[in-house]
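This report describes the architecture of a single protein model. Please consult the sequence and coordinates shown below while reading.

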Amino acid sequence: MQISVKTNARTQMVDITAQVRRVVEESKIQNGLVHVCSLHTTAAITINENADPAVEKDILNTINRVIPWDDHFKHMEGNSAAHIKVSLFGPSEMIPLENGSLVLGTWQGIFFCEFDGPRNRRVNVKIMADS
């Protein structure tokens, strides 16, 4: 199943936990693994705190400082910084599923990380049931 994410900034973290939970609920699968994967080379998936929005700002400020947008990269499209950031964050996350619920810590959420926006994006959510 795919979910859509609309971003409105060059770099942005969008909490997609509720959307992933809806996919899990609709599947009726109770136990297994949930694979959440960005279908883009300039957008990542990560799990982090979703209680304090300052965490998102701190993450983005730091990654943008460490990997600046214009650092004399060779890639002709001009978005090498986004590709590098995705390689560091990773394109996907795997979350355990128990009794129909995502196994996440109290403060954890699933984030779509935009590094080359704003854009309309797609995320694949695959649920693999225990046998």
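Which residue of β5 does H35 stand opposite? H35 stands opposite M94 in β5.

## Basis of the description

The model is predicted, with local features requiring pLDDT of at least 70 and side-chain atom pairs counted only at pLDDT 80 or more, whereas totals for chains, interfaces and linings use all residues. Residues are numbered from 1 along each chain as its sequence is written, and side-chain values use heavy atoms, without hydrogens and water.

## The five-stranded sheet

An open sheet is formed by five strands in the order β1-β8-β3-β5-β6, with antiparallel pairing. Helices (H or I, at least four residues) and strands (E, at least two) are DSSP runs numbered from the N terminus, and two strands pair if DSSP finds at least two bridges between them. At the edges are β1 (2–6) and β6 (101–102), each of which pairs on one side only. Helix α1 (residues 17–27) packs on this sheet and touches β1, β3 (32–38), β5, β6 and β8 (120–129); contact means heavy atoms within 4.5 Å. The direction of α1 makes about 40 degrees with that of β8, where axes are lines fitted to C-alpha atoms, for helices over the stretch in contact, and angles run from 0 to 180 degrees between N-to-C directions.

Within the sheet, β3 and β5 run antiparallel and are joined by six bridges. Strand β5 (residues 92–98) also pairs with β6 in the antiparallel sense, over two bridges, and here L97 stands opposite L102 in β6. The hairpin of β5 and β6 has two residues between the strands.

## The three-stranded sheet

A further open sheet consists of three strands in the order β2-β7-β4, and the pairing is antiparallel. Its edge strands are β2 (12–15) and β4, each pairing on one side only. Neighbouring strands of this sheet are turned by 35 degrees against each other on average, direction ignored.

Four bridges connect the antiparallel strands β2 and β7, and the bridge partner of V14 in β7 is F112. Helix α2 (residues 53–66) packs on the sheet, touching β2, β4 and β7, and its direction makes about 145 degrees with that of β2. Helix α3 (residues 80–89) also packs on the sheet; α3 touches β4 and β7, and its direction makes about 45 degrees with that of β4.

## Nonpolar cores

The largest nonpolar core has 20 residues, and those with the most contacts inside it are I16, V20, V34, V36, I110 and V123. Such a core is a set of buried Ala, Val, Leu, Ile, Met, Phe, Trp, Tyr and Cys residues joined through side-chain atoms within 4.5 Å. Two or more residues are given to this core by each of β1, α1, β3, β4 (43–49), β5, β7 (108–114) and β8.

Not counting residues up to four places away in sequence, V123 touches several residues, including I3, V5, I16, V36, I45 and F112. Apart from this core lies another, of 13 residues, among them A44, L60, I63 and C113.

## Backbone features in the loops

Most residues other than glycine have a negative phi, and most peptide bonds are trans. K28, in the loop between α1 and β3, has a positive phi of about 65 degrees although it is not a glycine. N99, in the loop between β5 and β6, has a positive phi near 55 degrees. K28 counts as exposed because its relative accessibility is 66%, and N99 counts as exposed at 63%; buried means under 20% relative accessible area, exposed over 50% and partly exposed in between (1.4 Å probe, protein chains only).

The peptide bond from G117 to P118 is cis, with omega near 0 degrees. P118 lies in the loop between β7 and β8.
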